[in-house]
Structures are given as C-alpha cells and as structure tokens.
Amino acid sequence: MDVIQQLVINGLLTGGVFAIIAVGLTLIFGVMKIINFAHGEFLMIAMYLTYWINVKMGLDPFVAILLIFPTMFVIGIVVYKLTLNPIINSREELTLLMTVALMIFFQNLALMLWSADVRSISLPYSYSTIALGNLGLSLTKVGTFAVTIAMAIGLLFFLNQSWLGRSIRAVSQNRDAAQLMGVNTIKTYMYAFGIGIGIVGVAGAALSTVYGIYPLVGQQFGTASFVVVVLGGLGNIPGAILGGLLIGLIDAISGFVLPVGFNEAVYLLIFILVLLIKPNGILGKATAGGGR
Amino acid sequence: MLRLRGSKLNALTLVLLLCFAVVSVVGCGGDQSKTNGDQTKTNGNQKSTGDDVIRIGLLYPLTGSLAKLGQEEQKGALLAAELRNAKGGINGKKIEWVIGDAPDPQAAVTETERLITVEKVDIIQGSYSSGVAYAASAVAEKHKKIYWECGGVADNITQRGFKYLFRFGQTGTSNGETAIKLVEDIVAKELNKDVKSLKIGIIHEDSAFGTSVADGAEKYAKAQGLNVVIREGYSMNTKDLSSLILKLKKANVDILVPTTYVADGLLLFKQMKELNYNPLAVVMGGNAIQDFKLAMGDEVNGLMHADITMPRTNYDYCPGLEEFNKEWMKKYNQEPYCAHPIRTFAGANVLFDVIEQAGSTDPDKIAEVARSLDLPYGSTATGWGVKFAPEGDPMMGTNLRAQAFGCIWHDGNIETLWPEEAAWPGVKTKLPWVR
Amino acid sequence: MSYLQDLLTNKAKMTVTIVVIAACLLLVVPALMGNQFAQGIIILILLFGTMTSAWNIIGGYGGQLSLGHASFVGLGAYTAVLLAVKFGVSPWIGMLAAAMIAVAAAVIIGWPCFRLRGPFFALATVAVGEVLRILAINLPGITFGSVGVSVNMSEFGITHMVFREPWAYGVLALILLVTMLGVTRIIERSQLGFYLVAIRENQDAAASLGVNAARIKLLAFMISAAFTAVAGVIYAQYLLYIDPQTVFASTLSVQMVLMAIMGGVGTRFGPLLGAALLVPLDQYIRAYFGASVHGLHLVIYALILILVILLIPRGIGPTVKDWISKYERKAESGVTKQSDEGAA
C-alpha cells in the first residue's frame, strides 16, 4: 500500500513539472496555433539565467522568479517581433520551421557561451523532503507545484479580468471577429507570446531547483509538454495542469509496472488513443476534428 | 531588387544584431576553458606541407548530447600532442590534429569521408561515442585507413574483422565485469557477507554505452552465480526515476550497479535520497565525474565506480600519468572532470610511438607495427598494456590488455583501489555507503 | 520560340540556369574527380531529396503535416537490414518487404490519425515516431536495441547492395529519386492530385463535393511511406550501420519537412531543391567552423535558416519562379517599347 501511495505522490509531483511547462505552451499554442519547437529552449535560457542570478547575486530561484518573468517576457517579445511576427500570417509550416531554427540556434548558442557542463544550483533544501506519514515529498517539487498553481490562478485572473487578457481570449476564439471588435491582433499575438515565454521562464526558474542545467535540457521535456497541452485542450489552462498530472501519474505507474524504458511509449500511446476518441483533448472544446 | 520593408527590414536588423553578437561571442570565447595558443589543432583548412608535419584526424562529438564528455576526451589527445611536440614531435616532425565534429553516426560518416578524402589523413583517432565509432570505422576500413579508437566501448565495434581498426580502450563488458568483481572482491568482503546472498540491481541508461556495460555486468554476475534481481534500462533524458527507485526498494536491492551519463546520474542520486533508498553499496559502471561531488558534497565518499583509470592511480603502475596530471593542472587550473582524457592521452601516445616505429603514417605499416606490440600491464598512462587481438580472432583489433579499474571516492577525491597494483596509496573503502 | 531561344533572351531564366549549373558543377565535378566527400554529399542529397519529396506528397500536396515521417525511414531500414542479418535475405527483396511494411504501417497509422486535423495530426505523428524509436531500443531481441545492427560488409557487389565506391550508391539513389519525381508528376496531374489539393485547401468543402477525403489521404500516405522506406533501405546500406537514434530520430522527421518548406512545399522540385541546399550547407559549415568554438557552426546554420525564412517565405523554388515570371512580364512590356523605338 505504501508503495502505491508513494507512486501516486511521485506521479503527481512529476505531473506538476509537466504542468508548469505546459501552461506557457498552451497559451502560445492555443492562441496562435504555433507548434513552438523552441519552447524547451526558452525553458533552458530561463534556467541558465536563474543559475547566474543565483551564483552572482545569491538569490534563491523561487525569489528570482520575480526577475525572471519580466526578463523572459521581454526576450519573448523581442524574439517574436524579429522572427515570428513577419511570418505569422503565412502557412503554419513556416512558423514551425522558424521555431525549429530558433531551437537549433538557442541550443548551440548556449553551448558556445556556457559550454556543455551540467550545472546544478545547490540549495540548503535541495534534498529536503516533506514528510506525509510514511511518505516523502521532494520539497523542490512541492515548491514547483505551488508555483504552478499560483501562476495558473494569476493567469486565469489576468485572462478574465484584464483588457489584454480578454483580447487574447477573443483572438484565440475567433481572430477576425476580434479584429472587428477593435482588437489589435498583431499586438495581442505579441503580448500573448511574451506572456507565454514569461511563464515558461517561471517554470525554468522553479525547475532549476530540481534538474541539472545544460544546453540540451529543453529537449528532455519536448514531446511530453505537447502531449500535455493537447490532452488538456489547446489554450485551456486548468486543462494543462490536469493533463500534466495525468501524464505524471501514467508515467509513474507504468514505470513501476512495466520496464521503465517503456514509460514514454505508454503515455504516448494513451495520448494517441485519447486523441482518437476526443480529438480536442480531454477538456477541449467540442469543435469538429480540432478545427483549422 | 530587394526593397527593404517590413519583414525584410526585420531580417536585416536581425542579421546585424546577430552578427554583432556572434562576433563578440567568438571574440570573447565565452567562459569555456580555452585551449589557448593551441597550435596542435586546425580545422584542416590550412594545408600544411607534408614534410615537416604529421597530420592525424581527430573525430569526437563536440556538439549534441554527448558534447561534454566528447570535448573532455578530445582535450586528452590535444594535450598528448602538445607534450610530444614539446619533446621534438615524432622523428622530428610536429604532430597536427585535423579536427572533425561528429555528434551522431551520420555526421561520423561524412566527417570521416572528409578527413580521408579531402584532408588526406591516413589515421583518425576518435570517438567516445560507440555509434560514431561504429559508423566512422566502417568508412575508414573501406578506404583502408587506420581508425584508432580510444573511447567507444560497445563490444561489437571490434567484432567485424576490420584490419585497420584498433581499439586501445576497454570494452563495455570490461566495465560491467569490473563492477561485479568489485562487488565480489571488495564489497562482500568488507560487509562480511556471502556475495551470493546479496541482491544485485543493474540499471542503466539505454544507449549503446549503458547497454553494453549492463550486458557485461549481468552476464558475468550470472556466470558467477550471483543474484541479479533487477535489470532495467531507462532513457537518459528521463525526467523522473522515482518509479525505478521504488522498484529497487521493493525488491530490497542491496547492491546497486547503475551506469549513467551526467544529468541522469545526478537525478538518480537526488531521488534516491528523497525516497530514502539506501543500498549497502553503489558501484557505478563508468562515468565517474566531478559533478557527483559537487552535487553530494561529503556524502559522495564511499561511492564506487568501475571506470577508466583515474588521475589518482599508483604512478608507478601508470607511467606518464603524473606528467598528465601536472600538465592538465597547469593548463586548466583544475582537476580533470573525468578520467576520459587520460584514456585518450595514453592512446594517443601509443599511436605516436607506433608511428615513430613505423617511420611513416602508411596504414599497412601502422597496422603491422600495432599488431606486433606486446606491452604488459603497467606500460601506459592508464596502467594498461598493449596487445591487440590478432587476425582471425573474433575480437580482432581489441586491446586485450585494457580493463576497467575500480575506484572509490575517499576524502572528496576519486582514488583507484582495484586491482591492488594500481591502488592509490592510502585509499580506504566506506561500506556500507550511508548518506 | 524554341525553349533554347526563350532561355537565351530571358535574362532572369538565364541567370537562374547559370547559377544552378554552377552549383551542380561545384559539387559534381569534384565528385567525378574522385572526391569521395563530395560524392557522399551528393548521395545524401539524392536520398534526402527522395525522402522529402515523398513527404511532399502527403505534406505538401495533401497539406497534412506529418512530423513523424522518420517512422518509415526506420521501418524500411530495419526491415531490410534485419531480414538480411537474421535470415540472409537479399537487400533487394528486403527493399520490397520494406515498402510493403511501410505501406501497412501507413494504413495502420493513417486510418485513425487522419481523423485529426492540423497540429493534432502533426503531434500524433510525432508520438508514433517516438513510440517506434522507444520500441526499437527496448526490444533488443528483435532489433538488437541501442547497440544497433551493422550491414553485412563481408561481400561487395550489386547483389549485396554494398559497394566500395560511393558512386554506385549514387546511381541507386538517383534512380529512386527520378522515379519519385516521376510519380509526383503523375500524381500532380491526376485525379488524386487534384483531390489532394482540394483537401488541403478546404477539406470540408471538398468532402461536400463528394471527395472521399479519408481514402485519398490514405492513398497519398501509402505512396509516401513506400518511397520513404525504400530510401531508408539505401540509406542503411550506405551508412553500413543503423541504430534507433539514427533512423527513428525526430530530427530526421523535422529535416524532411524543413527541406520541403525551404525549397517550396507542394511543388514538384521544391523539396529536392531544399535538400540540395540544406545538406551541403550543413556539411560545409561544419567543415569550416566545426573545429573552433563548439557549437558555432550550428549557430551559423540556424541563422542562415532564419534569414532565408524571413526573406524567402514561400520557399526558394516558387520565389525564383516568381522572379522569372516578373522579369518576363517586364521584358514583354519592354519589348513593346523597344520595337516602337526601332531598336535591334
């Protein structure tokens, strides 16, 4: 029994990791329908920034979030303006291609600047666990989880209450109608992307307490993040969190029941199955076949 | 024809910005440890005259997921050439490496073709990655050029009967066997237990490296009648090893034999601690790296590895190792990150000796001299000997006198403890390994 | 006006033709002179050109963004090599088997997945590609696992599809490529082609006009898969070694798409053009910059990609065609003027 409980807890905590990355991705993917291959790389950049902030300024990563969010927001906007904005109205393959190029660019820029060394941020609580009866919960993962929830709440509040937030929702529902209502779609896209990257930045800051940092660290989360986003429904923030938790659970349980190497294959297959039954994701809207 | 407007203006701005960035980065060189003033390496575009220079190809993964250890290995070779050149080179000629970057087998094929057909080298040293070694050596063999493998450990690299392929380094099987030997000869004895009563768990990252070491370990353990209760591979990109650790816990594994790369190794130890899984001993199948100490601090003491010869190995047993350590410290101002450059260093030196003896880089002469070598253990900086399996042997080209040594973290340093002749004076075990 | 006359008077067409011929010469001449590195590049161009042209059938003409096409490369390569290594089957028969297995896989994958649209379909294909890669690693009993499997090199010659001289592989790849392009042309002008484009532009409208979208997409997918798999077999025989990471890699899938988009997706020669540009680009940048600061050559490669996307978003092929027709139109209006002034 103990083992199952520990498995579930582990699964949920790992799910929190997936969720925190997926929230930013679902915003970008959901609003702009861009498959952002470089998503993991922005995560990586944020992790490195957090590392340098920790080393040079002695700031705790969770505190550094306050610096990371605006920095990554600006980086997101700059990258968007320079590379994605010009082609946003072209075919979707083009934006995909651009994000692939960005991915290669950032991975190797990091390699050039910071070498292939794996860096870790060592904190006094890096190994601490919170005891829950007989079980141990990794403190850093719990912290990440807490950040995910806080971020999601903040984001939902923003999307519902602020003008920009509502513009973003409007544009993601029906771009032309939104434009007719006076929404500047170009600016909205830009801000949505910036916010999405800012959120990924927050994810990076939190995750730098859990994982080692190296140029290809973004690749670790690649496919899984997209699976989570689609599962939860494009643009659906609670869905991203639920999707993350679900994938985390599947990952943990299948890893225990089957040889652990098949983990990823299991949740990928489940992902495909879900898509076939509910093409818009578990919490997605019921428009036919995913819509175009 | 190009009117600058909109996206084109953006593109131009981007170009200028990035050119500036790239130039300044290249100018400053980032914070990588630089091999300053390294005249021994070239990207091969300067075609030096053949008379006063000996050009040898050097092929390693310098980018991609294996970049870290690939670069470390390359550094060993660079150092070897520097030192040899300072002593006059080979028969009075300076050694010059012609560099290639092969992050994966496909790049390995094209880079090897380039080194051989465009840069016209007769010998290529490489490759750290088993996949790269496999693919590149096939190309070299086709061209009848020497492939001097110092790093790739997958057994099947030298199971193809290649005439021009020589593997100086140990095989993955050796890593696995040494790990189990450490369990038998040291762990069981220190713990005062019958080794057959101990439950052994073998886990590994699932690329060619981890798989070949785990295969070697499992096979040898079973042949010795030991109790292997778990054997599982995981992806090195895994985000979570907790399920695997819970499995190990549930099966009451006493001795853990993990074979990992860097990030997954760090994750493993972190999660073992979080989940309170404390086996009696951990004997890793390779990749003993400084990062483990940085991450675990004093708790790392007692962790064991079966790996390449460490910097702290008996200097009498490893001629040249002391010089390597001194020169490395001078050049990089820190201890080696891992033992890999030592292997490349020793291998390069053997290659230089072979070239010297052969009097040229002609592949047939080199092959002849190499196959005639008969040096006992204790002859090279890794403490290994040199005797390549002869023609007709199924493992033709393998160095029969190379094996993984056993080492342990002691007082914050990795020290060799097995075999006895190679042990670092004063080394002590710490069992059970309690964190 | 004969084609040659037209060519000589049309300056734009002339320039383009000269550039293309020059580029070909730059590669082909060293290859013909025995530079095996250049030969290797040409072989890769031909093989990737085939793979990306095959992708183009379903991805370009059909508009279905398959991001897991490496699945077919891997299935093809492993089928042929495993049959040869385990059962001594000739690679030629292995090639046939590879095509059949790929077609079967295309049906199994396509039939459920084509119900998904746009990014959902794309992600499903990514998932499939990854699953296959993981299975290849974790079923060593069948596939030899991560250590990979090497092609039997003990005998050379055409029956074994293992050649000492690269140009032989080149001939094989060329035949395959020409076949692929021919099939593309046939599809382009056939009912299948029209239906595909209709589906791409607006699937619902096409369906409402009686087009059986599911069947058409599946058919295109099957053709695409078959050719990709056969290219995969030749690729394996050329590399002489395959492992899960090389032939099932997601980077391979992405590269196929990249080349098609660069060269002009949905056109007949676009993908080949993309391959002809990207493969040498990658190789030469690596050769020149690979030894200095680690990673620099890929940064440069990525920058060039970004630039090309920004400056030539429709792909190089269609853009060049545009230039030519723009020039032609200018020339026409110019000719009227000139004849007025009585110039020669």
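In the predicted model, the centres of domain 1 of chain B and domain 2 of chain B, taken over C-alpha atoms, are separated by 30 Å. Domain 1 of chain B covers 41-170 + 318-372 and domain 2 covers 173-307 + 405-422, the bounds coming from an automatic or database domain assignment. Between the two, 11 residues of domain 1 of chain B are in contact with 12 residues of domain 2 of chain B, where contact requires that the C-beta atoms of two residues, placed from the backbone, lie within 7 Å. On the side of domain 1 of chain B that touches domain 2 of chain B there are five nonpolar, three polar and three charged residues. In this division Ala, Val, Leu, Ile, Met, Phe, Trp, Tyr, Cys and Pro count as nonpolar, Asp, Glu, Lys and Arg as charged, and the others, Gly among them, as polar.

Residues are numbered from 1 along each chain as its sequence is written, while chains are lettered from A and ligands numbered from 1 in the order in which they are written. As this is a predicted model, local features need pLDDT of at least 70 and side-chain atom pairs count only at pLDDT 80 or more, whereas totals for chains, interfaces and linings use all residues.

Chain B contains 12 helices and 13 strands; helices (H or I, at least four residues) and strands (E, at least two) are DSSP runs, numbered from the N terminus. Of its 435 residues, 60% count as buried, that is, with 20 or more other C-beta atoms within 10 Å of their own, C-beta atoms being placed from the backbone. Among contacts in chain B between residues at least 6 apart in sequence, 68% join residues at least 24 apart.

An open sheet of seven strands in chain B runs in the order β8-β7-β9-β10-β11-β12-β13, with mixed pairing; strands pair if DSSP finds at least two bridges between them. Its edges are β8 (227-234) and β13 (413-418) of chain B, each of which pairs on one side only. From one strand to the next the twist averages 25°. Strands β10 (residues 281-284) and β11 (residues 304-307) of chain B pair in the parallel sense over two bridges, and B:Met284 stands opposite B:His305 in β11(B). Helix α7 (residues 242-250) of chain B packs on the sheet and touches β7 (199-205), β8 and β9 (255-259) of chain B. The direction of α7 makes about 175° with that of β8(B), angles running from 0 to 180 degrees between N-to-C directions and axes being lines fitted to C-alpha atoms, for helices over the stretch in contact.

The contact between chains B and C takes 43 residues from chain B and 36 residues from chain C. On the side of chain B that touches chain C, α1(B) gives the most, with nine residues. That side divides into 17 nonpolar, 17 polar and nine charged residues.

In chain C, the axes of helix α8 (residues 166-188) and helix α11 (residues 213-239) come within 10 Å and cross at roughly 170°. α8(C) is therefore roughly antiparallel to α11(C), the term applying to angles over 145 degrees. Among the residues making the contact are C:Leu172 and C:Leu176 of α8(C) and C:Phe227 and C:Ile234 of α11(C). The contact of α8(C) with α11(C) has 12 nonpolar, no polar and no charged residues.

Terms used:
Buried ≥ 20, exposed ≤ 12 C-beta atoms within 10 Å, placed from the backbone. Parallel < 35°, antiparallel > 145°, perpendicular 65-115°, else oblique.
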